[in-house]
Amino acid sequence: MKRFYLIIAFLLSVPMLAIAQKGIIKGKVVNALNNEPLPFAAVFLEGTTLGATTDVDGNYEIINIEPGLYNVEAQFIGFLSKIEYEVAVTNLKPTILNFKLEESSVKLDEVEVTVQNKFERNIESPVSLKTLGINEIQRNPGGNQDISRVIQALPGVASTVSFRNDLIIRGGGPNENRFYLDGIEIPAINHFATQGSSGGPVGMINVNFISDVDFYTGAFPANRGNMLSSLMEINLKEGRTDRIGGIFQVGASDVGLTLEGPIGKKTTFLASARRSYLQFLFSVLELPFLPTYNDFQFKVKHNFNRKNQLTVLGLGAIDNFALNLDANETPEQQYLLNNLPVNEQWNYSVGAKYTNFRETGYTNIILSRFMLNNTAFKFKNNNENDEQLLDYESQEIENKLRVENIYRAKKVLYTAGLGLEEVKYNTTTVDKRFANGQVVDYTSNLHLYKWFVFGHAARTFFNRLDISLGLRADAINFNSEMQNLLNQLSPRVSVSYNLTDALSASANWGIYYQLPPYTTMGYRNAEGDLVNTDLTYIQAEHFVAGLAYLFPFNGRMSVEGFYKKYSNYPFLLRDSVSLANLGGDFGVVGNQPAVSTNKGRAYGLEISYEQKLYKGFFGIAALTLVRSEFEDGNNNYVPSSWDNRLIATITMGKKFGKNWEVGVQYQFLGGAPYTPYDEAATADKDYWDNTGFPVTDYNQLNTERVNPFNRLNVRIDKKWFFNNLNLDLYFDIQNALGQSVQGQPFIDVVRDDNGVPVTDPNDPSKYLTTSLENSTGTVIPSVGVIIEF
């Protein structure tokens, strides 16, 4: 009987023991330059007594850790210490955390611990760079785990009133940004992407793949090109090494599954698929459009040995935008149905990066391919038996090769490399939606080659002064000017000086180039001749200077001033407007005659404070004063579409006991300019019957502004950690204040009870018109479930 009681007691204790099991952090500490292990390095959890020392192979393991978030620091003599913030520890699996430490510029006999090491320093980009960890991305209130929305909380970044994912950086347009995954360029990261730009309403990147994100708003590295306003480097994590696991997630608009695990001893994988259910929600809400998106992502990492690695990854999307013809009762519904085309789009990016480490550096060889297929059509009265007003089909293909060599010699860090890209662009366009019976009808095929070279050298003097010099040159065989590398020389200089252990002053100057969109380069006339043969690269000259002060409690205050001088921007002749003002809406931009003559400028001041996790608190506050101006058709500077003047964002949160977490985000966005419609021209019957949307009066370019708006987002998370799974339930409220954003009013025709436009009794050639309110913004509560197994 005694034995029976002992057995019962043991069985009852198993669940308790299982729940009480603690977490593990393990990984490697290596030299960032050559991947050599650093034996006897110290790794410890900030604010605790837990830590470990690496063995001769650079491996470490810290055990008996309570589940939660920790700041983990690695130190080694002669190297700069490094802190990884908000490392998640659970019972479910060991947390793999590898450190790549950089050698100190001066020989040290002991570990140097200063407040400067609290935030990672980038000698090439000492200004205009922010880094976000995965937990900062996942828990962002109102971010819906969408990296582009999370980025909108950073200094210098504005959004549009339509709440799309367009990134408006320091007064630059959404077509001026570039994106990389693990060093592999990904031209499209949004669903329903605007061709000729980079924005869209929903992001494609699965945040469960992300380790951290480096976001540059200036001081761009020399090995990255073809951007004028921002660079987003998304660094992906590696798959689990112990067993197959995954995450099942249901969010505000989609459901997804992520799997990860080992494939043998040297290979790991990550794979995911996601599908939206917005089409069902929009149908219930009787919205006139039904979007459906799907995306897929994978990463495979293979370690041949310590000196050779291979990463293969891919990202793809299938998007369909249909019309809900049953939602045709209100004037607003009728206007949108009359305006919107049916759109189908798919794209994919695949790439491979091979890395070879040597004693003094490493070499990356990157090969990738991108393809976009975009179709749209529109029938008169949305009747496929009626006249077809729009028939559009286009493809963009890019095959890319880049080789970069990073090495150190006599205290100087060098980067050198080159690249070659093959570009194919084709389109078949028939568009009858113009006044006076004008029809745009052409077929275009481009087959081009791009090439570039780059170099960079950086050195630290006296352990206080950092100097970085870079040079890049790009070319394409589109015309004689653009194929000459010397016409696109892109020098850049960065200087940073530590005035004290906590205060630093930094500055950067650089000239950057970007190609016009393929839609503009490939535009042809009805005879099949290329029209825009004299286009040139767009140029932007940046000046940035700032101060940064680091606090011992993981805080950083910074002030930066910036000035951007644009030249050679395409000026669109049909609409008499700079391409710099376009790209924040759906569809295609730039496919019309253009000349590279437009100039612009953007300047302003940013003040920001970052608080990394400290005693449960975290957050970021940013205030941006910005002016953005481009020339109009008379060569006068007028406000651009991105001239928000004032942008303010505060994101903060607190971790409480029992794994509760609360986050709040407040955003203020100054009113952006817009160009009013020409009501008289819109009322013309021939025009309206062909187009279904109002005429923009570019003679009054950006003379009106939408109202400023405030937005408050709130998120509450509750997490449970078990041996076999982790559970995260969250409640997210977007626009908790119910702020209605008033956009540019629509102009529509007056319709009778049958939906037929009413003729103006005073002018039979015109319809009666009316103004419709264009407001967006309502309280959007959502509940999400994340199950990790």
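Predicted model: local features only at pLDDT ≥ 70, side-chain atom pairs only at ≥ 80, totals over all residues.
Figure 1. A search of the whole structure finds 24 aromatic pairs.

**Figure 2. Tyr-85 and Phe-119 form a tilted pair.** Their ring centres lie 6.1 Å apart. Tyr-85 sits in strand β6, while Phe-119 sits in the loop between β8 (99-101) and β9, so the pair ties together parts that are 34 residues apart in sequence. Tyr-85 is buried, at 16% relative accessible area. Phe-119 is buried too, at 10%.

**Figure 3. Phe-282 and Phe-289 pair edge-to-face.** The centres are 5.6 Å apart, with 80° between the planes. Phe-282 is buried, at 15% relative accessibility. Phe-289 is partly exposed, at 22%.

**Figure 4. Arginines sit over aromatic rings.** Arg-224 lies over the face of Tyr-180, 4.3 Å from the ring centre. The charged end of Arg-472 sits over the ring of Phe-452, 4.4 Å from its centre.

**Figure 5. Four strands make an open, antiparallel sheet.** The strand order is β3-β2-β5-β6. At the edges are β3 (51-53) and β6 (82-89), each pairing on one side only. The twist averages 20° from one strand to the next. Strands β2 (residues 42-45) and β5 (residues 68-75) are joined by 4 bridges. Phe-44 stands opposite Glu-73 in β5.

**Figure 6. Five strands make an open sheet with mixed pairing.** The order is β9-β16-β17-β12-β13. The edge strands are β9 (129-133) and β13 (184-185). Strand β9 runs antiparallel to β16 (residues 210-216), joined by 5 bridges. Leu-129 stands opposite Tyr-216 in β16.

Technical notes. Residues numbered from 1 in each chain as written. Heavy atoms only, no water. Pairing = 2+ DSSP bridges. Helix = DSSP H or I, 4+ residues; strand = E, 2+ residues; numbered from the N terminus. Axes fitted to C-alpha atoms, helices over the stretch in contact; angles between N-to-C directions. Phe/Tyr/Trp six-rings, centres within 6.5 Å; stacked < 30°, edge-to-face > 60°. Buried < 20%, exposed > 50% of the residue type's maximum accessible area, 1.4 Å probe, protein only. Lys NZ or Arg CZ within 6 Å of the ring centre and 35° of its normal.
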